[in-house]
Amino acid sequence: MDMDELKILAAEQRCELTAARQVDSDFDFAFQLQLQEAIAVSLSLQPSTSTAPPTPSPQPTLPQPDDGILKFADVQSSELLQLEREIDDRKFSELEFRKMRDDLQRRIHDHHVAQEILRMPEDEWQNNGDNFELPFGEGTSKSEEKEPFRVYFKGLVEDFEAKAFFGGIGVAICDSRDELLFEMRKPFYGSAMSRQCIEFKALIEGLNAAMALDLKRVVFFCDYFPIFQFVTGRWSAKQRKVAALRNQVALLQKKFSFCQPSLVARNEIKFAFKLAREAMTTQIKKVAESAASVNVYETCAICFEDTNIGQIFSVDDCRHRYCVSCMKQHVEVKLLHGIVPKCPHADCNSDLKLDSCSNFLTPKLIDIMKQRIEEASIPVTEKVYCPYPKCSALTSKSEVLEYTKGSFLGAERLGIRKCTKCNGLFCVNCKVPWHYGISCNEYRRRNPNPPEDVKLKTLAATNLWRQCVKCNHMIELAAGCYHMTCRCGYEFCYTCGAPWKDKKATCSCKLWDEDYILDSDDEVDDDEDYDYDTDFDDYYELL
(Lines give C-alpha, C1' and ligand atoms only; values in the text may rest on other atoms or scores of the structure.)
Protein backbone atom coordinates (compact mmCIF):
# COMPACT_ATOMS: atom_id res chain seq x y z
CA MET A 1 0.00 0.00 0.00
CA ASP A 2 1.53 3.33 -1.09
CA MET A 3 1.33 6.64 0.76
CA ASP A 4 -1.60 7.99 -1.31
CA GLU A 5 -3.76 4.94 -0.61
CA LEU A 6 -2.86 5.11 3.09
CA LYS A 7 -3.85 8.78 3.24
CA ILE A 8 -7.18 8.08 1.45
CA LEU A 9 -7.91 5.25 3.87
CA ALA A 10 -7.17 7.49 6.86
CA ALA A 11 -9.48 10.21 5.48
CA GLU A 12 -12.28 7.68 4.94
CA GLN A 13 -11.91 6.36 8.48
CA ARG A 14 -12.05 9.90 9.85
CA CYS A 15 -15.28 10.58 7.87
CA GLU A 16 -16.81 7.35 9.17
CA LEU A 17 -15.80 8.27 12.69
CA THR A 18 -17.39 11.73 12.34
CA ALA A 19 -20.62 10.16 11.05
CA ALA A 20 -20.65 7.67 13.90
CA ARG A 21 -20.25 10.49 16.42
CA GLN A 22 -23.20 12.33 14.81
CA VAL A 23 -25.42 9.23 14.91
CA ASP A 24 -24.47 8.61 18.54
CA SER A 25 -25.33 12.25 19.38
CA ASP A 26 -28.76 11.88 17.65
CA PHE A 27 -29.49 8.72 19.62
CA ASP A 28 -28.64 10.48 22.89
CA PHE A 29 -30.92 13.41 22.02
CA ALA A 30 -33.87 11.10 21.16
CA PHE A 31 -33.34 9.10 24.33
CA GLN A 32 -33.44 12.24 26.46
CA LEU A 33 -36.71 13.41 24.81
CA GLN A 34 -38.39 10.04 25.36
CA LEU A 35 -37.24 9.97 28.98
CA GLN A 36 -38.62 13.45 29.64
CA GLU A 37 -42.01 12.54 28.11
CA ALA A 38 -42.25 9.35 30.18
CA ILE A 39 -41.51 11.22 33.41
CA ALA A 40 -44.09 13.93 32.58
CA VAL A 41 -46.82 11.32 31.89
CA SER A 42 -45.97 9.47 35.09
CA LEU A 43 -46.38 12.61 37.18
CA SER A 44 -49.70 13.59 35.56
CA LEU A 45 -51.28 10.20 36.43
CA GLN A 46 -50.54 10.44 40.19
CA PRO A 47 -53.85 11.04 42.40
CA SER A 48 -54.18 14.34 44.27
CA THR A 49 -54.57 14.07 48.18
CA SER A 50 -55.43 17.74 48.85
CA THR A 51 -57.71 20.47 47.48
CA ALA A 52 -54.86 22.87 47.62
CA PRO A 53 -53.16 23.42 44.40
CA PRO A 54 -50.43 20.91 44.00
CA THR A 55 -46.95 22.07 44.62
CA PRO A 56 -45.00 21.65 41.48
CA SER A 57 -42.58 18.81 41.84
CA PRO A 58 -39.00 19.54 41.13
CA GLN A 59 -37.90 18.59 37.66
CA PRO A 60 -36.07 15.29 37.94
CA THR A 61 -32.46 15.34 36.96
CA LEU A 62 -32.00 13.48 33.74
CA PRO A 63 -29.15 11.04 33.61
CA GLN A 64 -26.22 12.39 31.64
CA PRO A 65 -25.22 10.32 28.66
CA ASP A 66 -22.03 8.33 28.97
CA ASP A 67 -19.34 10.34 27.19
CA GLY A 68 -16.85 7.45 27.01
CA ILE A 69 -17.64 6.85 23.36
CA LEU A 70 -17.23 10.54 22.59
CA LYS A 71 -13.84 10.61 24.30
CA PHE A 72 -12.75 7.49 22.42
CA ALA A 73 -13.88 9.07 19.16
CA ASP A 74 -11.93 12.24 19.96
CA VAL A 75 -8.79 10.21 20.59
CA GLN A 76 -9.19 8.26 17.37
CA SER A 77 -9.86 11.41 15.38
CA SER A 78 -6.74 13.04 16.82
CA GLU A 79 -4.64 9.97 15.95
CA LEU A 80 -5.97 9.94 12.40
CA LEU A 81 -5.15 13.63 11.99
CA GLN A 82 -1.63 12.99 13.28
CA LEU A 83 -1.26 10.07 10.86
CA GLU A 84 -2.32 12.30 7.96
CA ARG A 85 0.23 14.92 8.99
CA GLU A 86 2.96 12.28 9.18
CA ILE A 87 1.98 11.02 5.72
CA ASP A 88 2.18 14.56 4.35
CA ASP A 89 5.57 15.11 6.00
CA ARG A 90 6.88 11.85 4.60
CA LYS A 91 5.64 12.69 1.11
CA PHE A 92 7.31 16.09 1.36
CA SER A 93 10.56 14.45 2.52
CA GLU A 94 10.45 11.93 -0.33
CA LEU A 95 9.80 14.76 -2.79
CA GLU A 96 12.81 16.69 -1.49
CA PHE A 97 15.02 13.60 -1.71
CA ARG A 98 13.76 12.99 -5.25
CA LYS A 99 14.71 16.55 -6.19
CA MET A 100 18.15 16.08 -4.62
CA ARG A 101 18.58 12.76 -6.42
CA ASP A 102 17.65 14.32 -9.77
CA ASP A 103 20.02 17.22 -9.10
CA LEU A 104 22.77 14.74 -8.23
CA GLN A 105 22.22 12.81 -11.45
CA ARG A 106 22.36 16.08 -13.38
CA ARG A 107 25.65 17.03 -11.71
CA ILE A 108 27.11 13.60 -12.45
CA HIS A 109 26.04 13.95 -16.06
CA ASP A 110 27.59 17.43 -16.32
CA HIS A 111 30.85 16.13 -14.87
CA HIS A 112 30.81 13.26 -17.35
CA VAL A 113 30.28 15.70 -20.24
CA ALA A 114 33.19 17.82 -19.00
CA GLN A 115 35.44 14.74 -18.87
CA GLU A 116 34.44 13.75 -22.40
CA ILE A 117 35.32 17.25 -23.64
CA LEU A 118 38.68 17.22 -21.86
CA ARG A 119 39.55 13.85 -23.42
CA MET A 120 38.69 15.08 -26.91
CA PRO A 121 41.77 16.02 -29.01
CA GLU A 122 42.12 19.69 -29.88
CA ASP A 123 41.79 19.18 -33.64
CA GLU A 124 38.66 17.08 -33.19
CA TRP A 125 37.17 19.77 -30.94
CA GLN A 126 37.90 22.44 -33.53
CA ASN A 127 36.15 20.42 -36.24
CA ASN A 128 33.24 18.86 -34.34
CA GLY A 129 33.00 20.83 -31.12
CA ASP A 130 29.95 22.78 -32.22
CA ASN A 131 28.06 19.55 -32.91
CA PHE A 132 29.10 17.73 -29.73
CA GLU A 133 26.22 16.81 -27.48
CA LEU A 134 25.52 14.20 -24.81
CA PRO A 135 21.84 14.13 -23.83
CA PHE A 136 21.01 13.75 -20.18
CA GLY A 137 20.83 10.07 -19.25
CA GLU A 138 23.51 8.84 -21.62
CA GLY A 139 26.63 7.71 -19.79
CA THR A 140 25.38 8.88 -16.41
CA SER A 141 25.10 5.44 -14.88
CA LYS A 142 28.53 4.46 -16.17
CA SER A 143 30.17 7.50 -14.66
CA GLU A 144 28.39 6.85 -11.39
CA GLU A 145 29.75 3.30 -11.25
CA LYS A 146 33.39 4.35 -11.65
CA GLU A 147 34.05 6.28 -8.46
CA PRO A 148 32.37 5.75 -5.08
CA PHE A 149 30.73 8.55 -3.14
CA ARG A 150 32.03 9.55 0.27
CA VAL A 151 29.93 9.39 3.43
CA TYR A 152 31.24 11.28 6.46
CA PHE A 153 29.44 10.78 9.76
CA LYS A 154 29.84 11.71 13.41
CA GLY A 155 27.88 11.11 16.60
CA LEU A 156 28.46 13.13 19.77
CA VAL A 157 27.13 12.66 23.31
CA GLU A 158 27.17 14.87 26.37
CA ASP A 159 25.78 14.73 29.91
CA PHE A 160 24.52 18.19 30.75
CA GLU A 161 25.13 18.91 34.45
CA ALA A 162 24.50 15.19 35.19
CA LYS A 163 20.76 15.82 34.75
CA ALA A 164 20.07 15.18 31.07
CA PHE A 165 21.57 13.43 28.09
CA PHE A 166 22.20 15.27 24.84
CA GLY A 167 23.41 13.86 21.55
CA GLY A 168 23.91 15.08 18.02
CA ILE A 169 24.44 13.43 14.64
CA GLY A 170 26.12 14.96 11.63
CA VAL A 171 26.24 13.45 8.14
CA ALA A 172 27.92 14.82 5.01
CA ILE A 173 27.85 13.07 1.63
CA CYS A 174 30.35 14.17 -1.02
CA ASP A 175 31.32 13.03 -4.48
CA SER A 176 34.71 11.55 -5.35
CA ARG A 177 36.14 15.08 -5.63
CA ASP A 178 34.96 15.83 -2.08
CA GLU A 179 32.33 18.32 -3.25
CA LEU A 180 29.40 18.46 -0.82
CA LEU A 181 26.16 16.90 -2.10
CA PHE A 182 24.12 16.44 1.08
CA GLU A 183 24.33 17.41 4.72
CA MET A 184 22.23 16.50 7.73
CA ARG A 185 22.22 17.40 11.40
CA LYS A 186 19.97 15.54 13.82
CA PRO A 187 19.67 16.01 17.59
CA PHE A 188 19.09 13.24 20.13
CA TYR A 189 17.64 13.69 23.57
CA GLY A 190 16.64 11.14 26.18
CA SER A 191 18.23 8.34 28.15
CA ALA A 192 21.99 7.91 28.31
CA MET A 193 23.69 6.36 25.27
CA SER A 194 27.24 5.10 24.85
CA ARG A 195 29.61 6.60 22.33
CA GLN A 196 29.61 3.37 20.29
CA CYS A 197 25.80 3.50 19.97
CA ILE A 198 25.60 7.16 18.92
CA GLU A 199 28.40 6.62 16.37
CA PHE A 200 26.55 3.61 14.95
CA LYS A 201 23.32 5.63 14.75
CA ALA A 202 25.15 8.35 12.85
CA LEU A 203 26.52 5.76 10.42
CA ILE A 204 23.04 4.28 9.93
CA GLU A 205 21.63 7.75 9.21
CA GLY A 206 24.39 8.33 6.66
CA LEU A 207 23.82 5.03 4.87
CA ASN A 208 20.05 5.59 4.82
CA ALA A 209 20.59 9.02 3.30
CA ALA A 210 22.90 7.52 0.67
CA MET A 211 20.21 4.95 -0.18
CA ALA A 212 17.57 7.69 -0.44
CA LEU A 213 19.84 9.47 -2.92
CA ASP A 214 20.02 6.21 -4.90
CA LEU A 215 23.79 5.93 -4.52
CA LYS A 216 25.14 2.46 -5.32
CA ARG A 217 28.82 2.77 -4.41
CA VAL A 218 29.94 4.48 -1.20
CA VAL A 219 32.92 4.65 1.13
CA PHE A 220 32.12 5.74 4.68
CA PHE A 221 34.84 7.42 6.71
CA CYS A 222 35.06 6.98 10.48
CA ASP A 223 37.48 8.46 12.97
CA TYR A 224 36.52 6.21 15.89
CA PHE A 225 38.68 3.08 15.97
CA PRO A 226 36.19 0.70 17.70
CA ILE A 227 33.53 1.42 15.05
CA PHE A 228 36.05 0.63 12.31
CA GLN A 229 36.93 -2.65 14.04
CA PHE A 230 33.25 -3.57 14.45
CA VAL A 231 32.20 -2.88 10.86
CA THR A 232 35.23 -4.71 9.43
CA GLY A 233 34.43 -7.75 11.57
CA ARG A 234 37.70 -7.66 13.49
CA TRP A 235 35.87 -7.22 16.79
CA SER A 236 32.71 -9.02 17.82
CA ALA A 237 30.10 -7.02 19.73
CA LYS A 238 28.87 -8.72 22.92
CA GLN A 239 26.69 -5.85 24.14
CA ARG A 240 23.15 -6.30 22.87
CA LYS A 241 22.64 -2.69 21.77
CA VAL A 242 25.97 -2.50 19.97
CA ALA A 243 25.42 -5.91 18.34
CA ALA A 244 21.94 -4.91 17.12
CA LEU A 245 23.26 -1.67 15.61
CA ARG A 246 26.20 -3.51 14.02
CA ASN A 247 23.79 -6.00 12.42
CA GLN A 248 21.68 -3.11 11.12
CA VAL A 249 24.77 -1.58 9.49
CA ALA A 250 25.65 -4.96 7.94
CA LEU A 251 22.18 -5.22 6.40
CA LEU A 252 22.45 -1.71 4.98
CA GLN A 253 25.87 -2.48 3.49
CA LYS A 254 24.39 -5.38 1.51
CA LYS A 255 21.97 -2.99 -0.21
CA PHE A 256 24.87 -1.23 -1.96
CA SER A 257 26.84 -2.66 -4.85
CA PHE A 258 29.96 -1.38 -3.08
CA CYS A 259 30.22 -0.22 0.53
CA GLN A 260 33.65 0.00 2.21
CA PRO A 261 34.83 1.58 5.50
CA SER A 262 37.93 3.75 5.88
CA LEU A 263 39.67 4.84 9.09
CA VAL A 264 40.82 8.48 9.04
CA ALA A 265 41.98 11.14 11.47
CA ARG A 266 39.40 13.33 13.15
CA ASN A 267 40.34 16.50 11.28
CA GLU A 268 39.43 14.78 7.99
CA ILE A 269 35.76 14.56 9.03
CA LYS A 270 35.56 17.92 10.78
CA PHE A 271 32.64 19.03 8.59
CA ALA A 272 30.48 16.16 9.90
CA PHE A 273 31.83 16.95 13.35
CA LYS A 274 30.61 20.52 12.99
CA LEU A 275 27.14 19.37 11.91
CA ALA A 276 26.88 17.04 14.92
CA ARG A 277 28.01 19.81 17.25
CA GLU A 278 25.45 22.22 15.79
CA ALA A 279 22.71 19.60 16.21
CA MET A 280 23.60 19.13 19.85
CA THR A 281 23.95 22.81 20.70
CA THR A 282 20.43 23.45 19.43
CA GLN A 283 19.22 21.53 22.50
CA ILE A 284 21.55 23.03 25.05
CA LYS A 285 21.09 26.56 26.33
CA LYS A 286 24.29 28.00 27.53
CA VAL A 287 24.33 28.49 31.28
CA ALA A 288 25.64 31.95 32.13
CA GLU A 289 28.97 31.73 33.82
CA SER A 290 29.03 33.13 37.31
CA ALA A 291 30.97 36.30 37.94
CA ALA A 292 33.34 34.44 40.20
CA SER A 293 34.16 31.84 37.57
CA VAL A 294 37.78 31.80 36.52
CA ASN A 295 37.49 29.07 33.88
CA VAL A 296 38.47 30.13 30.37
CA TYR A 297 37.28 28.10 27.38
CA GLU A 298 38.52 27.87 23.83
CA THR A 299 36.78 26.29 20.83
CA CYS A 300 38.70 23.45 19.18
CA ALA A 301 38.90 23.89 15.39
CA ILE A 302 38.40 20.13 14.81
CA CYS A 303 35.59 19.02 17.15
CA PHE A 304 34.15 22.55 17.71
CA GLU A 305 33.80 21.86 21.44
CA ASP A 306 34.31 24.56 24.05
CA THR A 307 37.27 23.12 25.90
CA ASN A 308 38.93 24.31 29.08
CA ILE A 309 42.11 26.11 28.13
CA GLY A 310 44.03 23.68 30.32
CA GLN A 311 43.06 20.89 27.89
CA ILE A 312 44.22 22.77 24.77
CA PHE A 313 47.36 21.57 22.96
CA SER A 314 49.53 24.07 21.11
CA VAL A 315 51.85 22.88 18.31
CA ASP A 316 55.37 24.06 19.11
CA ASP A 317 56.43 25.58 15.79
CA CYS A 318 53.25 26.92 14.19
CA ARG A 319 51.24 27.54 17.42
CA HIS A 320 48.04 26.04 16.00
CA ARG A 321 45.81 25.00 18.88
CA TYR A 322 43.51 21.98 19.29
CA CYS A 323 42.02 20.07 22.18
CA VAL A 324 44.05 17.22 23.68
CA SER A 325 41.40 14.63 22.74
CA CYS A 326 41.57 15.49 19.03
CA MET A 327 45.36 15.64 19.02
CA LYS A 328 45.62 12.25 20.73
CA GLN A 329 43.35 10.64 18.14
CA HIS A 330 45.20 12.39 15.28
CA VAL A 331 48.60 11.14 16.47
CA GLU A 332 47.30 7.60 17.02
CA VAL A 333 45.92 7.27 13.49
CA LYS A 334 49.06 8.70 11.86
CA LEU A 335 51.29 6.34 13.83
CA LEU A 336 49.03 3.46 12.88
CA HIS A 337 49.59 4.37 9.21
CA GLY A 338 53.37 4.47 9.73
CA ILE A 339 53.62 8.25 9.31
CA VAL A 340 55.31 10.80 11.55
CA PRO A 341 52.43 12.97 12.81
CA LYS A 342 52.37 16.60 11.79
CA CYS A 343 50.13 19.53 12.70
CA PRO A 344 46.54 18.71 11.59
CA HIS A 345 45.99 22.23 10.26
CA ALA A 346 45.46 22.32 6.49
CA ASP A 347 48.70 22.83 4.50
CA CYS A 348 50.76 23.03 7.69
CA ASN A 349 53.87 20.81 7.76
CA SER A 350 55.05 21.52 11.30
CA ASP A 351 56.30 18.35 12.99
CA LEU A 352 54.91 17.38 16.37
CA LYS A 353 57.55 17.14 19.08
CA LEU A 354 57.75 13.94 21.10
CA ASP A 355 58.26 15.84 24.36
CA SER A 356 55.01 17.74 23.84
CA CYS A 357 52.98 14.70 22.79
CA SER A 358 54.26 12.46 25.60
CA ASN A 359 51.81 14.14 27.99
CA PHE A 360 48.81 12.46 26.35
CA LEU A 361 50.34 9.34 24.74
CA THR A 362 50.69 5.92 26.33
CA PRO A 363 54.19 4.42 26.76
CA LYS A 364 53.65 2.08 23.79
CA LEU A 365 52.67 4.96 21.53
CA ILE A 366 55.66 6.98 22.74
CA ASP A 367 58.00 4.13 21.71
CA ILE A 368 56.30 3.89 18.32
CA MET A 369 56.59 7.64 17.79
CA LYS A 370 60.30 7.50 18.69
CA GLN A 371 60.78 4.79 16.09
CA ARG A 372 58.84 6.73 13.43
CA ILE A 373 60.85 9.92 14.10
CA GLU A 374 64.13 8.00 13.93
CA GLU A 375 63.13 6.36 10.65
CA ALA A 376 62.08 9.69 9.17
CA SER A 377 65.32 11.40 10.21
CA ILE A 378 67.41 9.06 8.06
CA PRO A 379 67.24 9.58 4.26
CA VAL A 380 65.99 6.58 2.35
CA THR A 381 69.32 6.09 0.55
CA GLU A 382 71.16 6.18 3.91
CA LYS A 383 69.04 3.63 5.76
CA VAL A 384 70.60 0.30 6.63
CA TYR A 385 69.22 -2.48 8.83
CA CYS A 386 71.21 -5.04 10.76
CA PRO A 387 70.73 -8.39 8.93
CA TYR A 388 70.72 -10.44 12.13
CA PRO A 389 67.09 -11.41 12.93
CA LYS A 390 67.46 -10.91 16.67
CA CYS A 391 68.66 -7.32 16.16
CA SER A 392 67.37 -5.68 12.91
CA ALA A 393 68.46 -2.29 14.27
CA LEU A 394 68.03 0.71 11.97
CA THR A 395 70.90 3.10 11.48
CA SER A 396 72.44 5.29 8.79
CA LYS A 397 75.25 4.17 6.53
CA SER A 398 77.49 7.04 7.60
CA GLU A 399 76.94 6.35 11.30
CA VAL A 400 77.67 2.63 11.05
CA LEU A 401 80.75 3.36 8.92
CA GLU A 402 82.22 5.70 11.54
CA TYR A 403 81.47 3.09 14.20
CA THR A 404 83.26 0.40 12.17
CA LYS A 405 86.38 2.41 11.29
CA GLY A 406 87.59 2.13 14.88
CA SER A 407 87.78 -1.66 14.60
CA PHE A 408 88.65 -2.36 10.95
CA LEU A 409 91.03 -0.65 8.56
CA GLY A 410 89.71 -0.24 5.02
CA ALA A 411 86.12 -0.85 6.13
CA GLU A 412 84.79 1.59 3.54
CA ARG A 413 86.58 -0.25 0.72
CA LEU A 414 85.75 -3.77 1.90
CA GLY A 415 82.10 -3.08 2.74
CA ILE A 416 82.33 -4.60 6.21
CA ARG A 417 80.23 -2.95 8.89
CA LYS A 418 79.75 -3.41 12.64
CA CYS A 419 76.24 -3.02 14.04
CA THR A 420 76.01 -0.18 16.56
CA LYS A 421 73.58 -2.19 18.68
CA CYS A 422 74.58 -5.87 18.66
CA ASN A 423 78.19 -5.44 17.34
CA GLY A 424 77.54 -8.09 14.71
CA LEU A 425 79.58 -7.89 11.49
CA PHE A 426 77.75 -7.66 8.16
CA CYS A 427 78.26 -6.61 4.55
CA VAL A 428 76.64 -3.32 3.67
CA ASN A 429 76.69 -4.16 -0.04
CA CYS A 430 75.12 -7.62 0.15
CA LYS A 431 73.04 -6.84 3.26
CA VAL A 432 73.95 -10.20 4.82
CA PRO A 433 76.16 -11.30 7.74
CA TRP A 434 79.80 -10.78 6.88
CA HIS A 435 81.16 -13.31 4.34
CA TYR A 436 84.67 -14.07 5.55
CA GLY A 437 87.41 -14.68 2.97
CA ILE A 438 85.38 -13.99 -0.17
CA SER A 439 84.48 -10.86 -2.09
CA CYS A 440 80.97 -9.53 -2.60
CA ASN A 441 80.96 -10.64 -6.25
CA GLU A 442 82.06 -14.14 -5.32
CA TYR A 443 79.40 -14.34 -2.59
CA ARG A 444 76.68 -13.29 -4.99
CA ARG A 445 77.89 -15.83 -7.54
CA ARG A 446 77.75 -18.61 -4.96
CA ASN A 447 74.42 -17.42 -3.54
CA PRO A 448 72.33 -16.08 -6.42
CA ASN A 449 69.16 -16.70 -4.43
CA PRO A 450 69.76 -16.41 -0.69
CA PRO A 451 67.38 -18.64 1.33
CA GLU A 452 66.10 -15.66 3.28
CA ASP A 453 65.23 -13.76 0.09
CA VAL A 454 63.53 -16.82 -1.38
CA LYS A 455 61.44 -17.29 1.77
CA LEU A 456 60.52 -13.62 1.83
CA LYS A 457 59.51 -13.55 -1.83
CA THR A 458 57.48 -16.76 -1.44
CA LEU A 459 55.74 -15.35 1.62
CA ALA A 460 55.10 -12.06 -0.18
CA ALA A 461 53.63 -13.84 -3.20
CA THR A 462 51.43 -16.00 -0.99
CA ASN A 463 50.08 -13.05 0.98
CA LEU A 464 49.93 -10.65 -2.00
CA TRP A 465 52.42 -8.24 -0.43
CA ARG A 466 54.01 -5.44 -2.43
CA GLN A 467 57.60 -4.19 -2.03
CA CYS A 468 58.29 -0.47 -2.08
CA VAL A 469 60.76 0.25 -4.89
CA LYS A 470 62.23 3.19 -2.99
CA CYS A 471 63.07 1.64 0.39
CA ASN A 472 62.33 -2.09 -0.29
CA HIS A 473 59.91 -2.18 2.63
CA MET A 474 57.23 -4.89 2.39
CA ILE A 475 53.68 -3.58 2.52
CA GLU A 476 50.41 -5.47 3.03
CA LEU A 477 47.05 -4.02 2.05
CA ALA A 478 44.77 -4.41 5.09
CA ALA A 479 41.78 -2.40 3.91
CA GLY A 480 40.86 0.43 1.58
CA CYS A 481 41.95 1.41 -1.90
CA TYR A 482 45.02 0.45 -3.93
CA HIS A 483 46.64 3.88 -3.52
CA MET A 484 49.47 3.08 -1.09
CA THR A 485 51.72 5.44 0.86
CA CYS A 486 54.85 3.78 2.22
CA ARG A 487 56.33 4.88 5.52
CA CYS A 488 59.18 6.43 3.52
CA GLY A 489 56.63 8.70 1.80
CA TYR A 490 56.67 6.98 -1.60
CA GLU A 491 53.20 6.65 -3.19
CA PHE A 492 52.40 3.88 -5.63
CA CYS A 493 49.72 1.54 -7.01
CA TYR A 494 49.40 -1.66 -5.01
CA THR A 495 48.33 -3.64 -8.10
CA CYS A 496 51.20 -2.90 -10.51
CA GLY A 497 53.65 -0.82 -8.45
CA ALA A 498 53.43 2.24 -10.71
CA PRO A 499 54.15 5.51 -8.87
CA TRP A 500 51.56 8.14 -8.00
CA LYS A 501 52.44 11.73 -8.88
CA ASP A 502 50.65 14.82 -7.60
CA LYS A 503 48.02 12.60 -5.93
CA LYS A 504 47.19 11.00 -9.29
CA ALA A 505 47.83 7.49 -10.62
CA THR A 506 50.18 7.00 -13.56
CA CYS A 507 48.59 3.64 -14.43
CA SER A 508 45.14 2.54 -15.56
CA CYS A 509 44.55 0.02 -12.76
CA LYS A 510 41.27 0.23 -10.89
CA LEU A 511 41.32 1.99 -7.55
CA TRP A 512 38.91 -0.32 -5.69
CA ASP A 513 38.35 -4.07 -5.56
CA GLU A 514 34.81 -4.99 -4.62
CA ASP A 515 35.68 -8.65 -4.09
CA TYR A 516 38.41 -7.86 -1.57
CA ILE A 517 37.46 -9.49 1.74
CA LEU A 518 38.62 -8.05 5.03
CA ASP A 519 40.31 -10.34 7.50
CA SER A 520 37.92 -11.12 10.35
CA ASP A 521 40.10 -13.37 12.47
CA ASP A 522 41.21 -10.76 14.99
CA GLU A 523 38.25 -10.57 17.38
CA VAL A 524 38.18 -9.05 20.80
CA ASP A 525 36.04 -10.11 23.72
CA ASP A 526 34.20 -7.15 25.16
CA ASP A 527 31.88 -6.80 28.10
CA GLU A 528 29.73 -4.04 29.50
CA ASP A 529 32.76 -2.02 30.72
CA TYR A 530 35.30 -2.85 27.98
CA ASP A 531 37.99 -0.19 27.48
CA TYR A 532 38.39 0.11 23.72
CA ASP A 533 40.99 2.87 23.96
CA THR A 534 43.25 0.57 25.98
CA ASP A 535 42.97 -2.13 23.34
CA PHE A 536 44.06 0.41 20.72
CA ASP A 537 47.57 0.20 22.21
CA ASP A 538 47.50 -3.60 21.93
CA TYR A 539 46.63 -3.22 18.26
CA TYR A 540 49.82 -1.22 17.72
CA GLU A 541 51.80 -4.03 19.30
CA LEU A 542 50.68 -6.36 16.52
CA LEU A 543 52.05 -4.07 13.79
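**Note on the predicted model: loops, rings, cysteines and voids**

1. D347 is found in the loop that runs between helix 9 (324-336) and helix 10 (354-357), and this placement, like everything below, refers to a predicted model. The phi angle of D347 is near 65°, which is a positive value in a residue other than glycine. Most residues other than glycine have a negative phi. With a relative accessibility of 82%, D347 counts as exposed, because the cut-off for that class is over 50%.

2. How many disulfides does the structure hold? The structure holds zero disulfides. C326 is accordingly in no disulfide, and the nearest cysteine sulfur, which belongs to C323, is 3.4 Å away; a disulfide would need the two sulfur atoms within 2.5 Å. C326 is buried, since its relative accessibility is 1%. For C422, the closest cysteine sulfur is that of C419, and because the separation is 3.6 Å, the two are too far apart for a bond. C422 has a relative accessibility of 36% and therefore counts as partly exposed.

3. Eight aromatic pairs are found in a search of the whole structure. In one of them, F230 and W235 are arranged edge-to-face, with 5.9 Å from centre to centre and 80° between the planes. F230 is buried at a relative accessible area of 1%, and W235, at 5% relative accessibility, is likewise counted as buried. Y490 and F492 form a pair that is stacked, because their ring planes meet at 20°, with the centres 5.7 Å apart. Y490 counts as buried at 18% relative accessibility, because the class takes values under 20%, and F492 is buried as well, with a value of 1%. F230 and W235 also belong to one aromatic cluster together with F200 and F225.

4. Two arginines deserve a check against aromatic rings. R195 lies over the face of Y224, at a distance of 3.7 Å from the ring centre. The charged end of R217 is placed over the ring of F258, with 4.9 Å between that end and the centre of the ring.

5. Where is Y482 placed? Y482 belongs to the loop between strand 16 (474-475) and strand 17 (483-485). Being in a loop does not leave this residue exposed, because Y482 has a relative accessible area of 11% and is classed as buried. E412, by contrast of setting, lies in helix 13 (residues 411-414) and counts as exposed at 56% relative accessibility. E412 and S398 are 14 residues apart in sequence, and their C-alpha atoms are 10.0 Å apart in space.

6. The count of cavities of 30 Å³ or more comes to one, and the largest cavity has a volume of about 40 Å³. Its lining is made up of Y385, C386, A393, L394, T395, V400, C419, T420 and F426. By class, this lining divides into seven nonpolar residues, two polar residues and no charged ones. C419, discussed above as the cysteine whose sulfur is closest to that of C422, is thus one of the residues that line the cavity.

7. The second largest pocket has a volume of about 1,400 Å³. Its lining comprises 36 residues, and those that lie nearest the centre of the pocket are K431, D453, L456, Q467 and N472. Which elements each supply at least two residues of this lining? They are strand 10 (383-385), strand 14 (432-433), helix 14 (440-446) and helix 15 (451-463). Helix 15 gives the most to the lining, with five residues. The lining of the second largest pocket divides into 19 nonpolar, eight polar and nine charged residues, whereas the lining of the largest cavity includes no charged residue.

Key. Residues are numbered from 1 along each chain as its sequence is written. This is a predicted model: local features need pLDDT of at least 70, side-chain atom pairs count only at pLDDT 80 or more; totals for chains, interfaces and linings use all residues. Side-chain values use heavy atoms; hydrogens and water are left out. On a 1 Å grid over the protein atoms alone, a cavity is a set of points where a 1.4 Å probe fits but cannot get out, and a pocket is an open set with protein on both sides within 12 Å along at least five of seven lines; lining residues have an atom within 4 Å of a point. Grid points are joined across faces, edges and corners, and a volume is the space filled by probe spheres set on the points. Ala, Val, Leu, Ile, Met, Phe, Trp, Tyr, Cys and Pro count as nonpolar, Asp, Glu, Lys and Arg as charged, and the others, Gly among them, as polar. Buried means under 20% relative accessible area, exposed over 50%, partly exposed in between (1.4 Å probe, protein chains only). Rings of Phe, Tyr and Trp (its six-membered ring) pair if their centres lie within 6.5 Å; planes under 30 degrees apart count as stacked, over 60 as edge-to-face and the rest as tilted. A charge sits over a ring if NZ of Lys or CZ of Arg is within 6 Å of the ring centre and within 35 degrees of the ring normal. Helices (H or I, at least four residues) and strands (E, at least two) are DSSP runs, numbered from the N terminus.
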